[in-house]
Amino acid sequence: MRKIKILLIEDDEDAANIICEYFENCGFKITAVFSVSDGLSYLNNDAFDVLLLDLSLPDFDGYEVLKNIKDRIAVPVIVVSAYSDKHTKLTAFRYGASDYMVKPLDLDELEARIWVHTGRSRGIDIEEKKKIFEIRENSILYKGKRLDLTSTEYGILSMLVKNINTTVSREKLMASVSAVSSHRSLDNHIKNIRKKIEDNGNRPKYLKTEYGVGYKLAEN
């Protein structure tokens, strides 16, 4: 079974080291960063199974992460914060948090919540469905092989991979890739991407058109 990938955004280095040591010993793959800007950079360039997010960060507060990735990057977010008041918790949930834990953390409980949010079962050998599309080190893999993409095609397809099985509007795709300035230009790039991943571009299996809205990359 592939290791669960965790991104931790936490400005307290000592606390981050404790969390990382615990989850590495449990067999997870965890990356720790200490600011919102670094966290968003990782989220925009790699795929994670769960995000652990502190709210008190040096450059921006954690709400900025929630607002930035909401409806754009599909990842469960567990807020880990010293704030225990109802208003803070409700605000986090309104911005898209999946769960909320108050510090000091019970790491056994946090681990259990991660298993729940990632849809896994600890100790049960379940064969994981292999991903068709993956983002790896500024490349996109299709069935395990690196796709030969232009920078514009990479920008479009990476946005669709990050929102797998979700319709992404033409406007959002155009906003994410500066080289695409019109619907016709976007449609042409989509056509070229289909040539690289579809057996029949006229009847696409993966990169589907949602008429009047945008495009969806489907793995189901």
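**Helix packing and burial**

Author: The cover over the buried residues of α3 includes β1 (5-9), α2, β3 (50-53), β4 (77-81) and α4 (86-94). Helices (H or I, at least four residues) and strands (E, at least two) are DSSP runs, numbered from the N terminus. This is a predicted model, where local features need pLDDT of at least 70 and side-chain atom pairs count only at pLDDT 80 or more, while totals for chains, interfaces and linings use all residues. Residues are numbered from 1 along each chain as its sequence is written, and side-chain values use heavy atoms, with hydrogens and water left out.

Reader: Which residues in α3 are buried?

Author: Gly62, Tyr63, Val65, Leu66 and Ile69 of α3 are buried. They lie on the same side of α3, because their arc around the axis is only 155 degrees. Buried means under 20% relative accessible area, with exposed over 50% and partly exposed in between (1.4 Å probe, protein chains only). The arc is that of the directions from the helix axis to the C-beta atoms.

Reader: At what angle do α2 and α3 cross?

Author: Roughly 25 degrees, with the axes of α2 (residues 36-45) and α3 (residues 62-69) coming within 10 Å. The two helices are therefore roughly parallel to each other. Axes are lines fitted to C-alpha atoms, for helices over the stretch in contact, and angles run from 0 to 180 degrees between N-to-C directions. Under 35 degrees counts as roughly parallel, over 145 as roughly antiparallel, 65 to 115 as roughly perpendicular and the rest as oblique.

Reader: Which residues of α2 and α3 meet?

Author: Val36, Leu40 and Leu43 from α2 meet Val65, Asn68 and Ile69 from α3.

Reader: Now α6 and α8. Roughly parallel or roughly perpendicular?

Author: Roughly perpendicular. The axes of α6 (residues 151-162) and α8 (residues 183-197) cross at roughly 80 degrees and come within 10 Å. Among the residues making the contact are Ile156 and Leu160 of α6 and Leu186 and Ile193 of α8.

Key. Contact means heavy atoms within 4.5 Å.
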